[in-house]
Amino acid sequence: MNFCGIELAHPIVNGSGTFDAIAARRAFGDELLERFPFSAFVSKTITPEPRPGNPPPRLWETPSGMINSIGLPGKGLAGFVESDLPELAELPVPLIVSVMGTSHEEFASLVEGIGSRDEVAALELNVSCPNVHSGLVVGESPEEARSLLSALRPLTSKPLIVKLTPNVHPAPIAEAAVEGGADALSLINTLRAVAIDPATGRPWLGAERGGLSGPAVRAIALNQVREVSAVVDVPIVAMGGVASGRHAADLIGEGASLVAVGTESFRDPAAGSRIAAELDEILRVASSA
Amino acid sequence: MSAGAASAKLGARVAAPFGRRACRVTRNVASGGYRVFSVLDADGPEPAAGQFYMLSAARGWGGGDGRPYLARAFSVADCDPEPNGVRLDFLVHDVGPGTGRLVALEEGEELWVTGPLGRPFSAPGELSPGAAGAVLVGGGIGVAPLALWRRRLSGIGIPSRVLLGYRDRERSGGQDLFRCSEMRIASEDGHQGHRGYVTDLLAVLLDGDDAQSAAVYSCGPPAMLEAVRAMCAERGVSCELAMEAPMACGFGACFGCAVPLAGGDGYLRLCVDGPVVRGDEVASAL
């Protein structure tokens with residue numbers, strides 16, 4: 001299949017920040033490469049400077065899901081290009097790199113620095129952070145989203161995917177991002193959530209607030225993909241609690257081109273392969289009916 | 001000592017088969033106030049001591065309130081090759097929805113298993129050039145990985161002294177996993193051994209003349225681990241700690257199991273950079 005000019009073996013990819021292919025290779029060895037579960041690999045979000053991430057605790061299990069507040073730990077742009085990119089280039093699938101800045105200038109340096117690399121097939125823009133100049137979260141403001149995409153679009157020929165948040169009504173943001181030049185959209189990101197420590201009555205997570213994922217959010221993802229696909233014509237990468245081929249097929253039915261697996265990979269590292277096979281069977285039966 | 005362990009370098013990380021696999025539960029027995037359950041891993045390698053597995057029951061995982069949802073991390077307490085695979089033993093105490101399901105596993109049930117994962121214990125000589133023996137300090141359910149480590153060390157002729165501590169009778173067990181009689185026990189309620197902390201026993205041992213000739217290996221509750229770390233640091237004795245942190249995946253994907261590095265320079269991921277860490281790698285074991 002084809003996604004924004006990139007040839008993919010099947011429609012199942014990973015959600016950014018839910019699978020670290022470098023760490024997984026340490027755990028599983030080269031069998032990971034031989035049985036790579038995704039048709040493209042989406043990196044965790046790269047920021048301009050190194051970040052340690054949020055103080056622990058960072059996780060809380062909820063009914064049918066989990067809350068995380070990881071805080072985008074990473075080596076920064078230079079560290080990513082120097083040490084991670086060569087290892088990610090060894091993966092047997094195209095590489096999509098997620099980036100996040102806090103201003104147009106930071107985003108521009110990331111898009112130019114990473115978009116120019118031959119190892120990179122596409123970029124995903126994580127717009128969940130406030131613009132330091134306006135104070136507005138880019139992904140929550142149509143004007144900010146349109147303006148950012150207009151600024152970044154001329155800087156690279158690679159496809160730009162915008163990751164939408166479920167914490168605001170996504171359709172207006174989706175329309176604005178596409179008007180600005182987005183080639184594709186991905187949704188949903190995690191839902192803002194809080195866990196209370198039963199022992200203290202205070203927030204459990206070190207950063208107090210986190211994001212909810214897992215089967216608990218699947219119904220919300222279905223609705224938001226439906227709403228966004230109704231107003232834009234670009235490809236959609238859909239995600240949110242996908243744990244089976246049926247769940248993936250449902251999202252494709254609502255207008256998705258690709259489906260990302262996230263939290264389910266925590267429970268089964270090879271979940272992507274299983275879901276791709278289940279989806280293939282469902283689509284084959286449907287097309288022969 | 002098993003053939004698998006003999007072929008792998010002591011202390012070398014063993015890679016896991018990719019993905020999770022269904023393993024049959026072969027046994028579930030009481031061990032003091034804890035349970036030891038065994039599974040037959042038909043397709044996995046023999047783990048190194050200190051490595052862990054992510055476990056979830058194939059049925060009944062996610063009860064009426066939707067928990068447990070994530071798999072749970074367990075150090076392997078013992079293992080042996082068997083005709084149809086490797087038998088893995090895990091020590092479990094019922095403290096929540098995940099462990100509550102695991103203690104109730106019945107023979108013949110299926111368990112989802114991913115592993116072995118993480119960094120194992122290192123040989124004493126690798127931790128400290130002068131170390132020829134090991135001191136194993138376990139607390140509560142944390143005695144589990146030390147049992148397998150004692151067997152592996154014994155298999156290559158490295159002597160271990162075993163110190164185990166428990167809070168009370170209900171929260172004790174796993175001593176049978178050590179298969180040796182030379183253990184010193186401490187209990188806070190005095191139901192067996194020394195009344196007090198296992199670190200009381202460690203202090204006596206480390207204040208002896210030959211403290212520098214051993215490396216210390218410890219696993220247990222955070223306060224105990226931190227006491228062990230601090231005692232070893234004060235005396236210049238090398239130690240490794242098998243730590244625990246909330247963990248969603250076990251293979252570096254979720255970034256949940258962050259532990260602050262010594263020197264304030266960010267975090268390590270306990271699942272891939274640990275769970276066994278040198279005492280001087282972390283800011284604190286708390």
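Reader: Why is Leu72(A) called partly exposed?

Author: This is a predicted model, so the number comes from predicted coordinates. Leu72(A) has 25% relative accessibility. Buried means under 20% and exposed means over 50%, so 25% falls in between and Leu72(A) counts as partly exposed.

Reader: What makes the backbone of Leu72(A) worth a look, and where does the residue sit?

Author: Leu72(A) takes a positive phi of about 50°, although it isn't a glycine. Its place is the loop between strand 6 and helix 3 (76-88) of chain A.

Reader: Phe255(B) isn't a glycine either and has a positive phi. Is Phe255(B) buried or exposed, and how do you know?

Author: Buried: Phe255(B) comes out at 11% relative accessibility, and the cut-off for buried is under 20%. The phi of Phe255(B) is about 60°, and this residue is found in the loop between strand 13 and strand 14 (258-260) of chain B.

Reader: What about Ile196(A): why does that one count as partly exposed?

Author: Ile196(A) has 43% relative accessibility. Ile196(A) lies in the loop between strand 11 (191-194) and strand 12 of chain A.

Reader: Which residues does Ile196(A) touch, and what counts as touching?

Author: Heavy atoms within 4.5 Å count as a contact. Leaving out residues up to four places away in sequence, Ile196(A) touches Trp60(A), Gly201(A), Arg202(A), Pro203(A) and Trp204(A). There's also a C-alpha separation of 10.0 Å between Ile196(A) and Arg209(A), which are 13 residues apart along the chain.

Reader: Which peptide bonds are called cis, and what omega values go with them?

Author: One joins Arg67(B) and Pro68(B), with omega about -5°. Another runs from Gly115(B) to Pro116(B), with omega near 5°. Pro68(B) is found in the loop between strand 3 (52-57) and strand 4 (72-75) of chain B, while Pro116(B) has its place in strand 7 (residues 110-117) of chain B.

Reader: How do you know what span to expect for helix 6 of chain B?

Author: Take 1.5 Å times one less than the number of residues. Helix 6 (residues 222-235) of chain B has 14 residues, and its first-to-last C-alpha reach is 20 Å, close to the expected 20 Å. Just after this helix, Gly236(B) takes a positive phi of about 70°.

Reader: Which residues of that helix are buried, and what do they pack against?

Author: The buried ones are Met224(B), Leu225(B), Glu226(B), Val228(B), Arg229(B), Met231(B) and Cys232(B). They pack against strand 8 (133-139), helix 5 (198-206), strand 12 (214-219) and strand 13 (239-242) of chain B. As background, an α-helix has 3.6 residues a turn, so residues three or four places apart point the same way.

Reader: What makes strand 3 and strand 4 of chain A edge strands?

Author: They belong to an open sheet of eight strands in chain A, ordered 3-14-13-10-9-8-7-4 with parallel pairing. Strand 3 (12-14) and strand 4 (41-42) each have a single partner strand, so one side of each is left without a neighbour in the sheet.

Reader: How do you know that strand 13 and strand 14 of chain A really pair?

Author: Pairing needs at least two bridges. Strand 13 (residues 236-239) and strand 14 (residues 258-261) of chain A run parallel and are joined by three bridges, so they pass. Ala238(A), for instance, has Val259(A) as its bridge partner in strand 14.

Reader: Why is the largest cavity called a cavity, and how much space lies in it?

Author: A cavity is a set of points where a 1.4 Å probe fits but cannot get out. The largest one holds about 40 Å³, and the whole structure has five of 30 Å³ or more. Its lining has seven nonpolar, one polar and one charged residues; among them are Phe3(A), Asn14(A) and Glu124(A).

Key: Residues are numbered from 1 along each chain as its sequence is written. Chains are lettered from A and ligands numbered from 1 in the order in which they are written. This is a predicted model: local features need pLDDT of at least 70, side-chain atom pairs count only at pLDDT 80 or more; totals for chains, interfaces and linings use all residues. Side-chain values use heavy atoms; hydrogens and water are left out. Helices (H or I, at least four residues) and strands (E, at least two) are DSSP runs, numbered from the N terminus. Buried means under 20% relative accessible area, exposed over 50%, partly exposed in between (1.4 Å probe, protein chains only). On a 1 Å grid over the protein atoms alone, a cavity is a set of points where a 1.4 Å probe fits but cannot get out, and a pocket is an open set with protein on both sides within 12 Å along at least five of seven lines; lining residues have an atom within 4 Å of a point. Grid points are joined across faces, edges and corners, and a volume is the space filled by probe spheres set on the points. Ala, Val, Leu, Ile, Met, Phe, Trp, Tyr, Cys and Pro count as nonpolar, Asp, Glu, Lys and Arg as charged, and the others, Gly among them, as polar.
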